Structures are given as structure tokens and as C-alpha cells.
Amino acid sequence: MDISTLGSLGTETRNERTAGLDAMPVADLLAAMNDEDATVAGAVRRALPEIAEAVAAAEAALRRGGRLIYLGAGTSGRIGLLDAVECPPTFGTAPEQVMGLLAGGPGAFITAVEGAEDEPQRAVDDLRAAGLTDADVLVGLAASGRTPYVVGGLRYAREVGAATVSVACNAGAEVSRHAGIAIEVVTGPEVLTGSTRLKAGTAEKLVCNMLSTATMVRLGKVYGNLMVDVRATNAKLVDRARRIVVQATGAAPEDAERALTAADGHAKTAIVMLLCGLTRDEAAEALRRGDGSIRAAAGAGTAG
């Protein structure tokens with residue numbers, strides 16, 4: 001983690017295509033940014049095999065009662081935290097199932113805590129406080145690939161026996177050497193030199209999107225492409241839950257509404273009720289036997 005090597009990283013080098021950024025007309029500046037952003041998806045695609053391995057590790061962790069824990073500093077940590085907090089409303093997960101730990105604590109999401117990312121022991125302390133065990137999977141996010149906080153967290157996680165994943169935006173990243181699964185999305189020089197909240201941050205967001213979404217699909221929290229475990233906690237989500245039930249079953253809106261009411265607003269239960277002609281309790285039991293999968297529960301419900 002020699003700081004003298006930082007300037008040699010791809011994410012820190014100067015982008016010659018935007019060397020005249022300050023003199024560009026706004027239209028040209030935006031086009032340049034858009035051109036650079038267009039390269040990110042391709043960089044992520046090249047890392048899909050490693051991302052698939054990480055999904056398998058996350059699925060295994062959650063199936064054995066463990067957790068998916070993101071760990072990072074600065075923009076990287078904020079992206080992990082953002083992904084984590086979206087999982088309960090989207091997939092009906094318990095708040096502790098997907099966690100985000102940010103160097104400097106939750107307050108660092110809004111106000112940077114100077115020097116927090118430079119202390120590996122902070123990550124150890126944070127993971128101990130979170131009760132990290134060998135049932136969990138830790139995803140260390142570091143755009144540069146060398147953040148001491150993330151390295152410290154990955155080292156500790158391996159000592160504990162947890163599955164470990166690293167996400168970096170440079171090739172041959174230091175964090176890769178401390179993770180069982182190393183995801184390297186090489187995004188290259190930023191439009192604004194060293195500002196890894198740009199392409200690197202976009203890449204990390206795409207990877208986190210994939211990790212959480214694919215894992216939840218594998219866990220039966222999606223039917224077709226519908227978020228059937230959505231928590232209907234506001235008017236918009238209540239309406240979405242009703243539309244999900246209609247789309248999944250072909251039922252009339254009023255029938256979907258009645259099923260949802262009987263299912264206490266849980267779209268997944270209402271769908272199984274309508275697909276199989278079951279009561280709420282019967283549908284809940286079919287889902288239990290089907291390990292939360294509507295496809296499996298529909299078969300079990302029909303057979304039962």
C-alpha cells in the first residue's frame with residue numbers, strides 16, 4: 001500500500017482525450033463524458049465470470065443464514081451502502097441480511113471523515129461490531145484497489161473464515177490478493193483526473209446492482225421479472241404490488257386487490273393464492289415448502 005505508487009494506477013492517470021476539458025463548450029464536455037461513460041458497460045462485461053462467482057458466494061451465504069456485507073470508503077463505501085439499504089424495500093429482506101459498512105461510520109455518507117480510509121484496524125473494529133462470522137460474505141469495494149480500510153477488512157474476513165470478494169477498477173489490484181474472488185473492472189483514466197466517483201463509481205454501482213439483484217433472483221424473491229417480495233410501505237408501492245399480482249396471475253384488478261388484502265399486502269402470497277386457489281395460510285405453507293419460490297410453491301400447492 002505504498003502511496004508513492006498511487007499515481008501509476010489507471011484510475012489516477014491523465015485522460016488525454018479530455019486534456020482540454022476546461023476549454024470545451026458545454027455540449028462538447030458533456031459529449032466527452034458520455035463517450036467515456038459508454039466504455040464502462042464493456043469493462044463490466046469482461047468481469048462477468050468473476051461477478052457470477054460472487055453471486056454464487058452471496059447466494060450460498062444467505063441460504064445458510066449469513067449476510068451479504070459491503071465494505072468500502074468514500075464513494076465506494078457509499079455505493080455499497082446505497083445498494084444495501086435498497087434491498088429491504090425491493091426484495092423484502094431483513095435489514096441485517098444485506099449491510100453496508102462505510103469507513104468513518106454512517107455519518108461519513110454525508111460528511112467525509114478524514115483519514116478513515118487509511119486505517120485498516122477501523123475495518124476490523126467495524127466488522128467485529130457487526131459480528132462477522134464464517135457464514136457471511138464480505139464484498140470489499142475499492143476503486144483504486146489499494147484502500148487500506150478495505151484491505152484490512154478483507155484480511156480479517158479471511159481470518160474469520162467468511163467468503164471474500166473484492167471489487168476494484170484497476171488491474172492487478174492489491175485488494176485482489178486478499179479476496180477469494182477478485183472482480184477487476186478496468187475503467188481507465190477518468191474524464192476529470194483521479195475523480196473515481198465518475199467511471200469507476202459507475203462501474204462499482206453496476207457490479208453491486210448485479211450482485212444483489214442476481215442473488216435475490218436466485219433466492220426466489222423474483223417471479224419472472226417481477227419483484228414479488230416488495231414491501232408495500234407507501235401508496236406507490238401498494239399500487240405496484242397490486243399491478244405485480246395482476247401481471248403475475250392475469251387476475252382482474254379487483255381480485256388481485258382482495259387477494260392482497262387477505263395476504264396482508266404480501267404480493268408473493270397473493271400470487272400463490274390466485275395461481276393455486278389456496279387460502280392465505282395454505283399459500284404461505286406452499287411457499288415455505290418451496291423455499292420462497294413461487295414456481296416451486298405453485299407446484300407444491302397444486303400437488304398438495
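In strand β4, Ala-168 is the bridge partner of Ala-142. Strands here are DSSP runs of E of at least two residues, and helices are runs of H or I of at least four, both numbered from the N terminus. The model is predicted: local features need pLDDT of at least 70, side-chain atom pairs count only at pLDDT 80 or more, and totals for chains, interfaces and linings use all residues. Residues are numbered from 1 along each chain as its sequence is written, and side-chain values use heavy atoms, with hydrogens and water left out.

The protein contains 12 helices and 5 strands. Its C-alpha trace spans about 65 × 50 × 35 Å along the principal axes. Of the 304 residues, 48% are buried. Buried means under 20% relative accessible area, exposed means over 50%, and partly exposed lies in between (1.4 Å probe, protein chains only). Among contacts with a separation of 6 or more, 63% join residues 24 or more positions apart. A contact means heavy atoms within 4.5 Å.

The 5 strands form an open, parallel sheet in the order β2-β1-β3-β4-β5. Its edge strands, β2 (98–102) and β5 (181–184), each pair on one side only. Neighbouring strands are turned by 15° against each other on average, direction ignored. Two strands pair if DSSP finds at least two bridges between them. Strand β1 (residues 68–72) pairs with β2 in the parallel sense over 5 bridges. Within β2, Gly-100 is the bridge partner of Tyr-70. Strand β1 also runs parallel to β3, joined by 5 bridges. Here Gly-72 has Leu-141 of β3 as its bridge partner. A further 6 bridges join β3 to β4, again in parallel.

Strand β3 is largely enclosed by the rest of the structure, because 6 of its 6 residues are buried. In a regular strand the side chains alternate between the two faces of the sheet. Both faces of β3 are covered. Val-137, Val-139 and Leu-141 are buried on one side, and Leu-138, Gly-140 and Ala-142 are buried on the other.

Helix α5 (residues 120–129) lies across β1, β2 and β3 (137–142), and runs at about 150° to β2. Helix α7 (residues 199–218) lies across β1, β2, β3, β4 (163–168) and β5, and runs at about 165° to β3. Axes are lines fitted to C-alpha atoms, for helices over the stretch in contact, and angles run from 0 to 180 degrees between N-to-C directions.

The largest pocket holds about 330 Å³ of space. A pocket is an open set of points on a 1 Å grid over the protein atoms alone, where a 1.4 Å probe fits, with protein on both sides within 12 Å along at least five of seven lines. Grid points are joined across faces, edges and corners, and the volume is the space filled by probe spheres set on them. Helix α4 (residues 74–91) gives the largest share of the lining, 3 residues. The lining divides into 4 nonpolar, 7 polar and 5 charged residues. Ala, Val, Leu, Ile, Met, Phe, Trp, Tyr, Cys and Pro count as nonpolar, Asp, Glu, Lys and Arg as charged, and the others, Gly among them, as polar.

Glu-117 is found in the loop between β2 and α5. Glu-117 is partly exposed, with a relative accessible area of 36%. Beyond four places away in sequence, Glu-117 touches Ala-73, Ala-103, Thr-147, Pro-148 and Tyr-149. Ala-103 is 14 residues from Glu-117 along the chain, and their C-alpha atoms are separated by 5.7 Å.

Technical notes
1 Å grid on protein atoms, 1.4 Å probe; cavity = no way out; pocket = protein on both sides within 12 Å on 5 of 7 lines; lining within 4 Å.
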